[in-house]
Amino acid sequence: MPIRALPTLLINQIAAGEVIERPASVVKECVENAIDAGASRIDIAIEVGGKELIRISDDGDGIPEDELELAIAPHATSKITQQDDLDAIATMGFRGEALASIASVSRMSIVSRPRDQQQAAVIEVEGEQVHPVRPAAGPPGTTVTVRNLFFNTPARRKFLRTDQTETGRIGDVVDQLALAHPAIAFRLRIDGRTTLDLPAEELPRRRAVAILGPELDQQLIELWTQDRGIDLWGLVGRPEIARSNAKHLRTFLNGRMINDRSLMHAVREAYRGLIEPSRYPTAVLFLQMDPGQVDVNVHPAKAEVRFRNQGSVHGMVLSAVRSVLREHDLTPGVQFSRDNDPASHLALPRMPTPEFGAGNVSSSSTGSDAQRTRDDDSSRFVEYFRQLNPTQKGFIYSEVKQALRTEMPELVDESDDAKSGDDSEPGSAESAREESLPSFRSANDVMQVHSSFLVTQDEQGLLIIDQHALHERVMFEKLKERLAAGPLESQRLLMPATVTVDRDQVDLLESLQPLLTRLGIEAEPIGPTSIAVHAFTSLLFSRKVEPEPFIKELFDKASGDGLADDSEAALHEVLDMMACKAAIKAGDRMSPDELQELLRYREKIERSSNCPHGRPTSLRLSIRDLEKQFGRS
Ligand code: ADP
Ligand code: MG
């Protein structure tokens, strides 16, 4: 076949295959254009899952009449003028192909009016056919209307999912964009009903809470830190609001949501041992860094990025999230009814089921003291977030901090970079520990219930503790601490213990030797299916853990799903197993001394709120909750 240049329409349709996958992609591209145009309010209306109609209106800069035709031409953009710009892209869009792509697979019209014009103009496109630009009526700003998406590419149209699914994806995209741009008002109308109506917010926290769900306000811990050339602001959820999917785990870079495996991993790693491994924490993190340090031009929809220094971004996020979690008392509160159980609420898809009304998302301002304190705290992020405007390149955090230092010195905390933003929160670990209450620590002040649970009090109210879960965490932390200093102390057995294993498991012994040595276990093969254990971990021994079943289980674990490959995770798994075996069981009666010791450890160790598997060790019933339940408030 002779070589031929492809017709423009076909070229655009091929490009559309990359950029415009589904209605939600149209919404994303057009909303990003509106953001780039400096809009302060963006209205989105869709019908029939966006398949019939998508309309995005903004009050931004508008497109001059004589540029309308150019706007829909491929590779026409107002956002890049030279090669250098490619290295430091700070606007949302830059390829100049979105409008051309959308126009090639739909019936599109753009009505636009620059602020300084008296009259709007409209351009209409239908596949190949471009109608001449003509005057139209319209307010300043731009309205892009996209009808019958994929009408001329039936194969793509067939590929679309149900209206409900496509609507859901659009809702998700709008959530992401609204999260990243709190200063812009957003409205979403689905088949004529307003499902989302977000006012412009000064405080990014309010926007995030409006999106994640107002009932989670108390469960979100604010984080603000600057390290390794990265500014990080975010909200991290208490372990109890972890979910079975990653929908509430979101990361943004320079104002754009990104899906970066290493960032996700860093956040999940920070929660390791605080939530069950199969669950995902709630966290929204906004990173701001020099655009030159990251390549955003690796993915057609710009959802993936490449960091120049991936390892340091990972490390920074991991340590920031880990330390803010460590600084807070994460003991969950007792939930009385399903209605106010945040976890059960989160199990439901939030967007955009029809019963989800606009009233649900308006940010709740209760006017309570707690609310006000957090708002005050948040106010120092206002400036910061103003700078998130992606059209401003190369935002430099230190300049903002310097400006704040002179204008609002009381808001600038110089003491600690990795500091959380809500110290004043009532449940913070500091306040709990500083005023530790020795008077509660007499034997009479803790009660063992049914040989399984402990009941005691702290300054906020009543604490109910799962003795096994807490002791498990204590053993785990003790083991970890000791291991950091060297191999665990080992005890020689008077008679070697013989463990019968499977044939192929004997071969595993050799590869497990380094691990066993660190754990203080000495073992050798003595037959095709037997292993002799000569020495065993002292701590396990003293807790009356038998060597045989323990070694057997260890081998089963190593040969079954295999121990997690990176060595810290493998160690975590084994320590976990040891801690579980060594811990006091439900049903074990505890002496007053043991009770006291366990409670002392609860104060001392890290992550005492959850056992190593991530289940809670304690629940709190606050005096306020009690008063409420007894109808006293
Ligand atoms: P890109 O955003 O990559 O430049 P697009 O095809 O999305 O490419 O848009 C082409 C051009 O049209 C933009 O560069 C911008 O100048 C203009 N444009 C698109 N949408 C809007 C809008 N909502 N307001 C103002 N200008 C717009
Ligand atoms: Mg664009």
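I started with Phe286, which is buried, with a relative accessible area of 2%. I kept in mind that this is a predicted model.

Next I looked up the ring partners of Phe286. With Phe252 it forms a stacked aromatic pair, the centres 4.6 Å apart and the planes at 15°. Phe252 lies in strand β11 (residues 249-253) and Phe286 in strand β13, so this pair ties together parts 34 residues apart in sequence. I found Phe252 buried too, at 0% relative accessible area.

Then I counted aromatic pairs and got three. One of them joins Trp233 and Phe286: the ring centres are 5.7 Å apart and the planes stand at 40°, so I noted this pair as tilted. Trp233 sits in strand β10 (residues 230-237) and Phe286 in strand β13 (residues 283-289), 53 residues apart. Trp233 is buried, with 0% relative accessible area.

The charged end of Arg107 sits over the ring of Phe151, 4.0 Å from its centre. Arg268 lies over the face of Tyr280, at 4.0 Å from the ring centre.

On to helix α2 (residues 23-36): its 14 residues should span 20 Å at 1.5 Å a residue, and the end C-alpha atoms are 20 Å apart, which agrees. I saw that 13 of the 14 residues of α2 are buried. Just after α2, I noted a positive phi of about 75° at Gly38.

My last stop was Arg156 in helix α6 (residues 154-159). Arg156 counts as partly exposed because its relative accessibility is 23%. Its C-alpha atom is 8.5 Å from that of Arg22, 134 residues away along the chain.

Note on methods:
Residues are numbered from 1 along each chain as its sequence is written. Chains are lettered from A and ligands numbered from 1 in the order in which they are written. This is a predicted model: local features need pLDDT of at least 70, side-chain atom pairs count only at pLDDT 80 or more; totals for chains, interfaces and linings use all residues. Side-chain values use heavy atoms; hydrogens and water are left out. Helices (H or I, at least four residues) and strands (E, at least two) are DSSP runs, numbered from the N terminus. Buried means under 20% relative accessible area, exposed over 50%, partly exposed in between (1.4 Å probe, protein chains only). The expected span of a helix is 1.5 Å times one less than its number of residues. Rings of Phe, Tyr and Trp (its six-membered ring) pair if their centres lie within 6.5 Å; planes under 30 degrees apart count as stacked, over 60 as edge-to-face and the rest as tilted. A charge sits over a ring if NZ of Lys or CZ of Arg is within 6 Å of the ring centre and within 35 degrees of the ring normal.
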